[in-house]
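Here are my notes on the model you sent. Please read them with the structure open.

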Amino acid sequence: MLQSVQTVATQIFIMFLLMFVGSMLYHKKIIDNEGSRQISSLLLNVVTPAVLISSFQREFNLSDFKDLGLAFFFAVLTYLFPIVLMRLLYGKSKLSYARDAQMCVIFSNNGFMAIPLLQALLGAKGVFLGSASIVVGTVIVWTYGVRLLSGEAKVNVRKIFLNPGTLALAGGLLLFVSPVKLPQPIFQAVSYLGGLNTPLAMIVLGIFLAQSHVFACLKEKTIYWISFLKLIAVPLCMLLLFTVFGVRRDVAMALLIATAAPTGVVTTMFAQTHQTDHLFSTRIVAVTTLLSAITLPLCISLGEWIWR
């Protein structure tokens with residue numbers, strides 16, 4: 001557990017350092033709201049797909065393929081459960097932040113926060129299996145997430161199949177099963193683009209935090225309720241599900257870590273893009289990130305005890 005606590009604490013410290021840089025850039029008027037919107041667009045349309053494609057550039061292995069398929073199946077369930085839960089709780093709510101509250105519980109920071117933990121606990125295969133959560137989350141945020149925030153009742157089939165997340169998934173899977181891989185210079189360029197994900201996402205979040213009264217939000221009961229759902233209720237329910245279905249340790253732990261991670265920055269970026277209450281999402285991201293220093297190691301320890 002001590003290793004998990006140290007890894008989570010280190011990641012949180014790095015996150016807040018990068019957020020501080022973003023906050024300073026905004027206060028010094030180096031980047032304004034339009035600049036943050038453009039960076040968000042770059043992240044969603046270019047950088048995140050690059051992360052997904054690079055994660056699948058590996059030699060094909062039948063055992064890994066089966067485990068990945070299992071990870072994808074249960075990753076879908078880790079999103080369907082909070083979607084249904086939040087629809088029941090906030091689906092008919094007239095609150096201004098209702099749609100953003102749903103997003104904050106559904107989508108995790110399953111990249112920056114989860115990957116170091118997966119690497120430490122499960123090695124390279126843990127990161128590979130954890131990519132299933134990232135891929136599924138990317139596809140869902142571009143489909144269900146867009147529909148939720150935009151309020152469009154009609155399903156846009158074109159957006160489902162031609163959004164950056166779905167296209168990156170198709171390209172990544174093709175790379176994995178094919179003996180042909182990206183040439184080294186192209187793969188290196190894609191990896192460099194993917195490497196922009198963490199710093200740019202944290203800088204954008206820092207810009208959002210600069211516009212939000214973060215300390216005042218610590219007095220908001222709603223913040224703690226959403227944090228409870230995101231960090232405790234949903235992960236424990238998923239842990240129970242994995243136990244009942246007898247999911248293999250590596251797959252279960254990879255998905256548990258991804259699910260128990262704090263609210264993802266993607267919620268604030270999509271909220272800004274669709275002009276919902278992105279500052280509410282920003283406060284949730286900040287508070288869940290802080291609280292995850294306690295809840296995430298506890299969830300990991302519980303999982304390790306079950307699959308010891």
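**Notes on the model**

1. C299 is buried, because its relative accessibility is 7%; buried means under 20% relative accessible area, exposed over 50% and partly exposed in between, with a 1.4 Å probe and protein chains only. C237, at 33% relative accessibility, counts as partly exposed.

2. This is a predicted model, in which local features need pLDDT of at least 70 and side-chain atom pairs count only at pLDDT 80 or more, while totals for chains, interfaces and linings use all residues. Residues are numbered from 1 along each chain as its sequence is written, and side-chain values use heavy atoms, with hydrogens and water left out.

3. How many disulfides does the model have? The count is 0, a disulfide being a pair of cysteine sulfur atoms within 2.5 Å. For C237, the closest cysteine sulfur is that of C299, and the 11 Å to it is too far for a bond. C299 is likewise in no disulfide, with the sulfur of C237 as its nearest cysteine sulfur.

4. Helix α4 (residues 98-106) and helix α14 (residues 278-306) have axes that come within 9 Å and cross at roughly 30 degrees. Helices here are DSSP runs (H or I, at least four residues), as strands are (E, at least two), numbered from the N terminus. Axes are lines fitted to C-alpha atoms, for helices over the stretch in contact, and angles run from 0 to 180 degrees between N-to-C directions. α4 and α14 are therefore roughly parallel; angles under 35 degrees count as such, over 145 as roughly antiparallel, 65 to 115 as roughly perpendicular and the rest as oblique.

5. Which residues make the contact between α4 and α14? On α4 they are D100, A101 and C104, and on α14 they are F280, S281 and I284; contact means heavy atoms within 4.5 Å.

6. T276 sits in the loop between α13 (266-273) and α14. T276 is buried, because its relative accessibility is 12%. Beyond its neighbours within four places in sequence, T276 contacts R99, D100, L149 and A271.

7. Q275 is exposed, with a relative accessible area of 73%.

8. K29, in the loop between α1 (2-27) and α2 (33-55), has a positive phi near 60 degrees and is not a glycine. At 75% relative accessibility, K29 counts as exposed.
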